[in-house]
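Have the model open as you read.

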Amino acid sequence: MTSLSARALGTLIQNWRTSGNGPAYAALADRIRLLVLDGRLSLGTRLPAERELASHLGLSRTTVSAAYADLRESGYLDSMRGSGSVVRLPSRGAAALPDPIGAPDFLDFSKATLPAVPAVAAAAERASALLPSFLGESGFDPLGLRVLRQALADRYTARGLPTDADEVMITIGAQHAIGLLARTLLSRGDRALVETPSYPHAFEALRSSGARLVPVPVTTDEGWDELALEQAFQRTSPTLGYLMPDYHNPTGRSMSPELRARTLDLAARQGTTLVVDETMGELGLDGQAARAPFAAAGRAVTIGSVGKTIWGGLRLGWIRADRELIQRASRARFALDLGTPIFEQLILLELLPQYDRILEDRRDYLRAGRDHLVARLAERLPQWSVPHVEGGLTVWANVGAPVSSQLALASRNHGLVIAAGPRFGIDGVFERFIRIPFSHPAELIDGAVDALAAAWSDVARTPLLVGDEDLASVV
Ligand SMILES: Cc1ncc(COP(=O)(O)O)c(C=O)c1O
């Protein structure tokens with residue numbers, strides 16, 4: 001069982017006192033509840049003893065006791081003699097609060113996802129015609145179908161990164177690829193450089209391989225903090241650097257060619273393996289010229305996926321790396337899975353010849369979504385600062401006050417589930433930011449902005465109620 005120190009919890013709930021106008025115990029309980037709801041506190045984690053937390057936060061023991069009692073009553077904490085207070089989720093039906101799962105009137109904007117492109121259904125039919133010729137084989141496929149690896153390799157070659165089929169491995173989505181690379185490259189205590197904010201499930205994968213994360217800031221105005229990047233490389237010699245140079249999730253920024261070259265140089269000097277996540281690499285929204293993959297400029301491992309282009313439900317991604325690393329990563333699979341399903345690979349194989357057209361349509365769709373969201377936010381929440389988004393699926397809006405967790409909690413009472421800014425950091429920061437996806441249809445974006453506007457006025461007024469949903473995944 002993981003135990004959380006008062007200091008670690010204090011870091012995760014920075015600015016908690018700004019939550020609500022209600023009593024302090026309720027604000028504290030709300031903030032801990034949000035950590036559970038959005039997956040930053042794993043179920044089964046033991047919270048610090050009341051006395052320890054009270055002394056760390058400079059509160060009376062009564063306030064912390066009341067907060068823990070509130071969490072117990074709402075089903076988020078089990079307190080047992082001898083084992084302390086352990087995080088849990090309310091059992092369904094036990095709580096009388098709204099439950100977003102399966103409720104059609106709840107909008108889920110915690111995920112930046114897209115419906116499948118229409119071509120998937122027809123490709124699945126064609127794939128089923130191809131399937132019989134694979135049925136005589138074992139179906140255990142740790143590297144992926146050679147014909148698909150070749151097709152992806154050819155695409156890299158055409159985009160300026162000469163690639164051989166042996167340098168590609170098919171994975172169960174990009175998340176699987178991040179996890180496999182973390183397991184292959186990292187040992188306990190190694191440093192892993194990450195951008196902050198960044199994609200939270202990458203933090204989880206890197207941490208679960210024992211890495212200590214070294215943050216480098218990315219802002220919507222300035223992009224990557226070059227000085228911080230240099231210092232992070234030079235001072236910590238990270239074993240792995242996980243980067244999203246195109247297009248960064250959640251800011252939508254793209255890294256300049258000069259900084260790419262500098263990053264490659266720093267990584268080479270420090271012996272860092274760069275793992276470049278290009279899940280959104282071809283989703284530039286300003287008609288900008290297609291960028292070559294990052295690895296075309298120097299040594300880096302590339303992660304790709306069709307989750308944000310064709311459909312997340314295909315669960316297909318890949319790693320592009322040198323042969324030796326591909327072999328090591330494929331062996332690292334066996335502890336957890338024995339290969340990628342064949343049928344989905346055949347569907348992707350059928351879709352790849354049309355991939356450029358699919359990407360064009362996706363960019364058009366996302367550009368319209370971005371423009372719609374930005375216009376609606378300007379109308380309903382003009383006080384927020386909404387930067388221009390170069391690419392990807394999300395806006396990283398600055399709400400102007402450190403109230404993002406509170407806003408995310410209040411949004412639930414207006415039918416919207418959305419991840420608070422700190423979900424995208426590693427140390428409780430980003431309370432002034434909220435990530436809003438524009439990948440959903442326009443009418444859902446309208447509903448989400450209405451809910452945010454209503455929640456925004458609540459934040460100024462009322463103590464908060466929350467739903468009891470487990471929304472641990474943010475994609
Ligand atoms: C940057 C980034 N990497 C990886 C993933 C996971 O992708 P997949 O669905 O292919 O596992 C996501 C999904 O949100 C993402 O945003």
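**Notes on a helix and a run of strands**

1. Exposed means over 50% relative accessible area, buried under 20%, and partly exposed in between (1.4 Å probe, protein chains only). Helices (H or I, at least four residues) and strands (E, at least two) are DSSP runs, numbered from the N terminus.

2. Before going further, please note that this is a predicted model: local features need pLDDT of at least 70, side-chain atom pairs count only at pLDDT 80 or more, and totals for chains, interfaces and linings use all residues. Residues are numbered from 1 along each chain as its sequence is written, and side-chain values use heavy atoms, with hydrogens and water left out.

3. H11 spans residues 323-332, and its buried residues are Leu325, Ile326, Ala329, Ser330 and Ala332. Seen down the helix axis, these fall within an arc of 155 degrees, so they line one face of H11. The arc is taken from the directions from the helix axis to the C-beta atoms.

4. What do the buried residues of H11 pack against? Their partners are strands S5 (168-171), S11 (301-305) and S12 (317-320), along with helix H7 (173-185). Contact here means heavy atoms within 4.5 Å.

5. Now to the strands: S6 (residues 191-196) pairs with S7 (residues 212-219) in the parallel sense over six bridges. Pairing requires that DSSP finds at least two bridges between two strands. Within this pair, Glu195 stands opposite Val216 in S7.

6. S7 also pairs with S8 (residues 223-224), in the antiparallel sense over two bridges. Thr219 stands opposite Gly223 in S8, and the two strands form a hairpin with three residues between them.
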